[in-house]
Every structure is written in structure tokens, then in C-alpha cells.
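Thanks for coming. I will go through some side-chain packing and pairing in one structure, so please keep the picture in view.

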Amino acid sequence: MTRGQDSNTAHMATQTVADPDPAPGAVHDAIHRSPAAILGLAFDRDEPDRSALAIQAESAADARSVQTAIDRLAGFTAEVTTRRTVRWLDQLVDHGHLTPDQRRRIAAEDGAATLARVLRCAELAGDDPAQVLQHAVTARDLAGARQLSNVLYDRIATNRQLSLDPIGDSYTDRAPTADDPDEQRFITALTHAADTRRTELGAQAAEQPPKWAVAAFGSPPTDPEARQAWEHKAGIVAAHRELSGHTDPHTPIGLPPKPGQPEHYASYRAAHRALGRPDTDTEEMQLSQGQLRIRIRAWEREQAWAPPNVTHELAGTQQAATRHRNTATLRAAEARAAADPETQGRLQQEAAEAAALANLLDTQIEALTEIDDAYSYHLVDTAGTRANAHRAEAALGARHAIAPPPEDTTSTEDWLAADADDRLAEDPHRGITDDHDLAGITDDDATDLTSLDDTTQRGPVVETVVPDIRELAATETPRPIDDTVHVPTAQQTADDLTRARRALAETRQRQADNARHHAKQARSQQIARWHADDQAAEQTTARAQVTDHAPPTLEPVGPHD
């Protein structure tokens with residue numbers, strides 16, 4: 001393009017010269033375009049240029065938005081919580097609650113970051129995270145635990161006396177505590193900026209009420225105190241909308257954030273409370289879609305070995321027994337009133353047959369009643385799993401994720417074979433540098449040590465040869481569902497009774513195992529309390545001894561003494 005004083009001329013190539021020596025298979029053609037088409041392509045842009053003032057205004061809005069402040073806070077908080085968790089674990093080693101070997105194992109495990117996050121959740125719920133970690137470590141003995149960080153996480157997450165539901169309506173109330181004063185000032189600045197923006201959004205919502213705010217809180221009141229309360233609640237919801245990027249004009253908030261985002265989830269819970277919604281689905285909000293599907297799958301597995309539901313069969317058999325017993329009574333009365341001996345004998349025969357059939361049905365009623373009791377027993381025992389599955393289905397429906405993902409066709413045997421191949425491939429490169437590497441392997445260990453020689457005898461087998469009840473149920477023909485009231489056959493009743501007794505034995509065994517587990521936990525907690533009391537008593541005695549042996553204090557002597 002020329003640069004002239006009077007005019008500028010643009011020169012455009014409208015025809016592409018064909019290659020005189022094209023590659024094999026290439027098209028030996030020249031491409032021709034009109035000048036208007038070339039000019040249109042030259043001015044065709046993905047986005048129009050914006051002025052510097054527009055870019056500056058957008059950058060300023062992004063800088064003071066809640067999303068920018070909380071995203072920065074979330075990333076910085078993750079670093080702070082990780083460092084202080086490391087310090088707390090080191091202190092537990094100094095106090096004798098953790099051994100140095102256990103501390104090294106926790107540092108080498110992948111669950112250290114998850115442990116720091118759950119401690120942050122406890123802090124957001126108003127608890128002291130350091131005390132929560134110490135209680136998780138000292139609650140029971142950690143001997144025998146494979147993944148110490150996972151065990152500690154489970155003790156915190158499943159502690160019924162500990163709530164992980166975040167509290168506080170402002171971001172300042174949910175600010176983490178940092179050891180470094182400079183870091184604490186930075187956290188305070190971010191939370192203050194987010195709260196300031198929340199107040200602005202509440203005032204803007206009161207000036208121009210959006211549809212979601214009017215639907216949730218009504219029109220802004222004119223009374224100053226009521227209007228301030230309205231702006232406070234609307235600001236909480238509007239701040240979370242800006243944080244999550246939710247722009248639907250009709251629904252106040254969207255779906256809960258993904259697991260592993262404590263700061264975002266705390267904002268979601270604050271908006272949830274501001275809207276006055278119930279807390280019945282609080283637990284499901286924190287679960288991922290995969291965890292929700294696991295809950296549904298757990299209930300499906302419980303149903304696989306459940307005793308058959310014989311409600312209709314029991315009702316039909318009871319009605320049939322009552323009918324035959326009434327028939328026997330009527331035929332006996334008719335036989336007594338009959339004058340003809342032949343008729344009397346026939347009626348007596350019918351009465352005896354009806355009574356015998358009623359007695360036979362009574363025997364079947366006893367079996368069906370036992371099956372029905374086992375079914376009721378199973379429903380009570382698995383009520384928690386069933387309720388979790390139903391709530392998980394509702395949560396997936398709210399997330400529009402009812403359809404499960406494609407199933408993985410890889411079997412367990414395939415995974416085990418692939419793992420064995422990987423181990424064999426790495427064995428030549430995995431040397432033993434110290435004899436102590438084999439110190440943990442003893443003859444009593446349930447470890448299967450085999451050489452590559454097929455003649456080597458295998459070690460003791462840990463897994464029991466008793467098949468799992470779910471595996472047995474999976475190999476059996478499913479029982480057809482019949483909702484009609486009828487009398488089942490004797491063989492069908494016998495088969496159902498066998499399944500019911502097997503399921504009842506499994507349920508009772510589960511309860512016995514749970515009772516032993518709870519007793520073991522109670523015993524471990526008792527021993528931990530005794531240990532803590534002994535340590536406290538030793539520290540008190542040590543302080544008393546130091547006080548008794550302290551040197552006497554020299555009193556100042558006056559000039560006349």
C-alpha cells in the first residue's frame with residue numbers, strides 16, 4: 001500500500017500463480033479472487049478493535065470483581081494451609097503423638113493436599129484446624145494404617161461431632177489464619193475487597209432489582225432497616241453469582257462448585273442460607289458425580305442379594321388358607337345336616353380335603369412369614385444405603401447428569417494382569433541396597449512370595465475361599481416380579497426361603513462385625529484418653545518438680561536490716 005500525500009493506493013494479488021512443478025497428486029490450478037473478495041477478507045476480523053478506555057474499564061471491573069479476589073485468595077490459601085499443616089504435623093512429632101517414620105510416610109503420600117483441604121473446611125466451619133488434626137491423630141492408634149493421610153482425612157470427614165458446613169456470611173469471617181504477618185495482611189486485603197464488592201452489588205440490586213432478587217426476596221422495602229437487610233442478603237447472592245459466573249436472570253444461584261474448592265463452596269453455602277433454602281442436601285452438594293453414582297451403585301449391590309419381597313404371595317396364601325378353612329367348615333356343617341348317607345360322605349370328604357389344604361397352606365404361610373421378616377430386616381439394615389442412593393439420584397437430577405457415563409469394559413482380571421506386567425517390567429530396575437529393606441517381611445506375614453519358577457510353593461493365602469454373597473446372587477436367575485396376589489408353588493417358596501435365610505445370616509454377620517469394630521474403636525479411644533491423661537499428669541508432675549527445686553528468691557536488703 002502506497003503512502004501518498006494526495007491518495008493511497010492498495011495493490012492486491014487477485015490470482016495465485018500455479019506451481020510449475022507441482023507435487024505428485026497436487027492440483028495444478030490457479031486460484032482467482034475478485035478485488036472485492038480480497039478487500040473483504042482483509043477487513044474481516046474475529047473481534048472488532050476496542051478503544052483503550054473500554055479495555056481499561058473492563059480491566060478495572062475484572063480487578064475489583066469478587067471472582068478475581070476469591071480466586072487469588074483460594075490459590076494463596078492453598079499454599080498457606082499446606083505450610084501450616086506441615087508445621088502442625090511436625091509439632092505432633094515433637095509432642096510424641098506421631099513417630100518420625102509416620103511423619104515421613106505422610107510427607108511422601110499423595111493425600112497430604114487433601115488433608116490440608118479438609119482442615120481448611122473445618123476452619124471454615126468455625127473449628128480450630130490444629131485441634132482437629134491433633135484429635136484425628138490421637139483418637140485411635142495409627143498402627144497398621146497403610147495410607148496415613150487418608151486415615152486422618154477419613155477420621156475428620158466422618159466425625160459426627162465435627163461439622164464441615166461453612167459458616168459466616170462475609171468473606172472476612174472466612175479468612176484463613178496465616179503465620180506470616182505479611183501474608184495475613186494480603187489475605188485481609190483480598191477479603192476486604194470482596195466484601196466491599198458484595199456491598200456494592202447489594203446496593204445495585206436494590207436500585208435496579210433483578211428478576212431473581214425479586215423472586216427470592218420480594219421488592220426492596222422502603223424502611224431503612226428492612227432495606228439494609230434486603231441489600232445484605234441480595235449482596236451475598238449477587239457476590240456468589242459474580243464468583244461463579246452465573247448469569248441466569250431467573251435462578252438466583254446455579255449448581256454447587258466442584259469438590260476441592262472450599263472457598264467457593266463457603267460462598268455457595270452463604271448464598272444458600274441467604275435464600276432460606278433447607279440444608280437437607282448439604283452432604284450431596286460436596287460430592288462429585290462419581291461419588292454420587294457410587295452411592296447409587298452401592299444400593300444396587302445391596303438389592304442384588306436382598307431377600308425376595310413376598311408381600312403379594314403371603315397375602316394370596318393367607319386368603320387361600322382362609323377360604324379353604326371356611327369351605328371345610330361349611331362342608332362339615334352341610335354333612336351333618338345331610339340325610340342321604342352318600343351325600344353326607346361326599347361332603348365330609350370335601351371338608352377333609354379343604355381342611356388338609358388349609359393346613360398345608362398354613363405351613364407355607366410360616367415359610368412366607370419368615371421370608372417377609374427377613375426382607376423387613378434387610379430393609380431396616382440397609383436403610384442408610386437406600387436413603388443415600390435416593391438423595392444421590394435427586395442430586396444428579398438437579399445437575400442434569402442422570403445418564404451415567406459409558407462403562408469401562410476393562411475387567412478386574414485385566415487390571416490385575418496389567419499391573420503384574422508393569423511390576424515384572426520394573427523388577428530388573430528395582431535393586432535392593434540394604435538388607436533392612438526386607439526386614440518387614442517375616443514368615444508370619446500374609447505375603448505371597450513366589451519366584452519365577454513354577455515349582456516354588458506359594459505362601460499363605462489371605463483371601464478367604466468363601467464366595468461373596470453378591471457374587472452368588474449375580475450367578476442366580478433373577479426372580480421374576482409378580483405384583484398379583486397369588487399362591488406360589490412349594491418349590492418357589494423353598495427357593496425364596498433359602499435366599500432369605502442366606503441374606504439374614506449375612507445381615508447378622510454384618511451387625512456382629514460392626515459391633516466388634518465399634519468395640520475396638522471404643523477401646524482405642526479409651527486407651528488414647530488414658531495416654532493423654534498420663535501425659536498431662538507427667539507434665540504436671542514435671543512442672544511441680546521444677547517449682548520445688550527452683551533456687552530461692554533473693555529479697556532486697558535495706559540499709560537498716
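Phe-186 is partly exposed, at a relative accessible area of 37%. By the rule used here, buried is under 20% relative accessible area, exposed is over 50%, and partly exposed is in between, with a 1.4 Å probe and protein chains only. Before going on, note that this is a predicted model, in which local features need pLDDT of at least 70, side-chain atom pairs count only at pLDDT 80 or more, and totals for chains, interfaces and linings use all residues. Residues are numbered from 1 along each chain as its sequence is written, and side-chain values use heavy atoms, with hydrogens and water left out.

What does Phe-186 pair with? The structure holds three aromatic pairs, and one of them is Phe-76 with Phe-186, edge-to-face, at 5.1 Å centre to centre and 75° between the planes. Phe-76 is buried, with a relative accessible area of 18%. For the cut-offs, rings of Phe, Tyr and Trp (its six-membered ring) pair if their centres lie within 6.5 Å; planes under 30 degrees apart count as stacked, over 60 as edge-to-face, and the rest as tilted.

Next, the core. Which residues have the most contacts inside the largest nonpolar core? They are Val-66, Ile-70, Tyr-171, Phe-217, Trp-230 and Val-237, in a core of 31 residues. A nonpolar core here is a set of buried Ala, Val, Leu, Ile, Met, Phe, Trp, Tyr and Cys residues joined through side-chain atoms within 4.5 Å. Helices 3, 8, 9, 10 and 11 (262-274) each give two or more residues to this core, and helix 10 gives the most, with seven. Val-237 is in contact (heavy atoms within 4.5 Å) with Trp-212, Phe-217, Pro-252, Ile-253, Ala-271, Ala-274 and Leu-275, leaving aside its neighbours within four places in sequence. Apart from this core lies another, of 20 residues, including Leu-98, Leu-119, Ala-122 and Leu-142.

Tyr-171 also has a charge over its ring: the charged end of Arg-174 sits 4.8 Å from the ring centre. The rule asks for NZ of Lys or CZ of Arg within 6 Å of the ring centre and within 35 degrees of the ring normal.

Now the salt bridges. Taking a side-chain nitrogen of Lys or Arg within 4 Å of a carboxyl oxygen of Asp or Glu, the count comes to 24. One of them joins Arg-83 and Glu-183, with the closest N and O atoms 2.4 Å apart. Arg-83 lies in helix 3 and Glu-183 in helix 8, so this bridge ties together parts 100 residues apart in sequence. Arg-83 is partly exposed at 41%, whereas Glu-183 is buried at 17%.

Arg-297 bridges to Glu-300 at 3.4 Å between the closest N and O atoms; both are in helix 13 (residues 289-304), three residues apart, about one turn of the helix. Glu-350 bridges to Arg-346 at 3.3 Å, and these are four residues apart in helix 15 (residues 341-381), again about one helical turn. There is also a network of salt bridges, which links Arg-84, Arg-120, Glu-123 and Glu-263.

Last, Thr-493, in helix 19 (residues 490-548). Is Thr-493 buried or exposed? At 5% relative accessibility, Thr-493 counts as buried. Leaving aside neighbours within four places in sequence, Thr-493 is in contact with Gln-364, Ala-367, Leu-368, Ile-371 and Pro-488. Thr-493 and Ala-367 are 126 residues apart in sequence and 7.2 Å apart in space, C-alpha to C-alpha. A polar contact of 2.7 Å joins the side chains of Thr-493 and Gln-364, and the Thr-493 side chain also reaches the backbone oxygen of Thr-489 at 3.0 Å. A polar contact is a pair of N or O atoms within 3.5 Å; within protein, one must be able to donate a hydrogen and the other to accept it, and residues adjacent in sequence count only if both atoms are side-chain atoms.
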